[in-house]
Amino acid sequence: MVRSMTGYGKAETIAGARRITVEVRSVNGKQLDLGLRMPGRFRALDAAVRAAATRVLVRGKADIYINIESAGGAAERLVRIDGELFAAYIAQLRSLAETSGLVGDAVQETVMRAALRMPDVVSSEAEDEVSEEEAAALSRVLDDALAAIDEFRLTEGRVLMDDILSRIAAIERGSDLITPYEAARTEKIRQRIRESVESVGVAVDLNRLEQEMIYYIEKLDVTEEKVRLAGHCAYFREVVATDEAPGRKLGFIAQEIGREINTLGSKANDAAIQRIVVGMKDELEKIKEQLLNVL
C-alpha cells in the first residue's frame with residue numbers, strides 16, 4: 001500500500017500515577033530526519049524509541065513528542081522540599097543580609113526565592129529512575145501513536161495515488177490522441193517538401209526525392225516513443241500495486257516518462273500534436289509534485 005509522508009498520530013495511557021502522551025508528526029523528506037523530545041529521565045530509552053519509529057516511518061521529516069505528567073495533570077506533579085536544608089539556607093542567607101545591612105520585606109522575599117533555588121532543596125519524582133512499568137507503558141503508547149500515524153499516512157497515500165493514477169491515465173489518453181494526427185502530419189510533410197523543391201525550379205530525380213522523404217519521415221516517426229511511453233505507464237501502475245515504499249522508484253519512472261514525452265514533442269512537427277504534448281507535460285509535472293510526498 002502506498003503511503004504519504006505527511007501524517008499525524010497521537011496516543012496516551014496511564015502508568016501508575018502518571019499519564020504518558022505520545023504525539024508523532026511527519027512531513028516529506030528525502031531521508032528519515034527524526035526529532036525526539038521527551039523528559040530527561042527517559043533519555044535511556046532514546047535508542048529504543050528511535051528504532052521503533054524508524055521501522056514505521058522509514059522516510060520523511062518526523063518529530064516525536066513524549067510528555068509525562070501526573071495522572072491528575074501537571075499541576076498535581078509530586079514535589080518534595082527538603083525542609084531542613086531549606087531552613088539552613090534561609091538562616092545563612094538572612095545572616096548575610098543582616099551583616100550587609102539589608103533589611104525589609106523585599107529582602108526577606110529575595111532570601112526565600114534564593115533558598116528555593118539552592119541545590120537539592122526542591123526535587124520531584126521526575127528525577128527518579130524510570131520503572132519497568134513506565135518503560136513498558138511508553139513502549140505500548142509509542143506503538144499506538146505510530147500505528148495511528150501509519151493509518152493516517154495510508155489514507156493520505158490512497159488519495160495521492162488516486163490523483164496520480166488519474167494523471168497517468170490522462171498521459172495515456174494524450175498518447176492515443178496523437179494517433180489520428182500522424183497520417184495527416186506525414187502527408188503535410190511530403191507536400192511541404194515537394195513545394196519547397198518546386199519553388200527552387202531545379203529538376204530532381206523523383207525516385208531519389210521519394211527515398212529522401214521516406215528517410216526524413218521515418219526519423220520523425222513517434223511509434224517507438226509511444227510504445228515505450230505505454231510501457232513506462234504500465235510499469236508505474238505495477239510498482240504502485242506491488243511496492244511498499246515506491247516513492248523513489250516512481251520518481252525514476254516519472255523521469256523516463258518525461259523523456260518519451262519530450263521526444264514526442266521534438267518530433268511532432270505539428271501544431272495539434274504539440275498542444276497534446278504540452279497537456280501531457282503539464283500532467284507529468286503535477287505527478288512529480290505529488291510524488292515528492294509519497295513514501
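How do the residues of the lining of the largest pocket divide into nonpolar, polar and charged? They divide into five nonpolar, five polar and four charged, where Ala, Val, Leu, Ile, Met, Phe, Trp, Tyr, Cys and Pro count as nonpolar, Asp, Glu, Lys and Arg as charged, and the others, Gly among them, as polar.

Before you select anything, note that this is a predicted model, in which local features need pLDDT of at least 70 and side-chain atom pairs count only at pLDDT 80 or more, while totals for chains, interfaces and linings use all residues. Residues are numbered from 1 along each chain as its sequence is written, and side-chain values use heavy atoms, with hydrogens and water left out.

**The pocket**

Select R59, G247, R248, L291 and L292, which lie nearest the centre of the largest pocket, among the 14 residues that line it. A pocket here is an open set of points on a 1 Å grid over the protein atoms alone, where a 1.4 Å probe fits, with protein on both sides within 12 Å along at least five of seven lines; lining residues have an atom within 4 Å of a point. The volume is about 380 Å³, taken as the space filled by probe spheres set on the points, which are joined across faces, edges and corners. Next, colour α7 (247–268) and α8 (271–291), each of which supplies at least two lining residues; α7 gives the most, with five. Helices (H or I, at least four residues) and strands (E, at least two) are DSSP runs, numbered from the N terminus.

**The sheet**

Now display the open sheet of four strands, which has the order β1-β2-β4-β3 and mixed pairing; two strands pair if DSSP finds at least two bridges between them. Its edge strands are β1 (7–15) and β3, each pairing on one side only.

Begin with β1 and β2 (residues 18–27), which run antiparallel and are joined by nine bridges. G9 stands opposite V24, and I14 has R19 as its bridge partner. These two strands form a hairpin with two residues between them, and G16 in the turn has a positive phi of about 65°.

Moving across, ten bridges join β2 to β4, again antiparallel, and S26 stands opposite A62 there.
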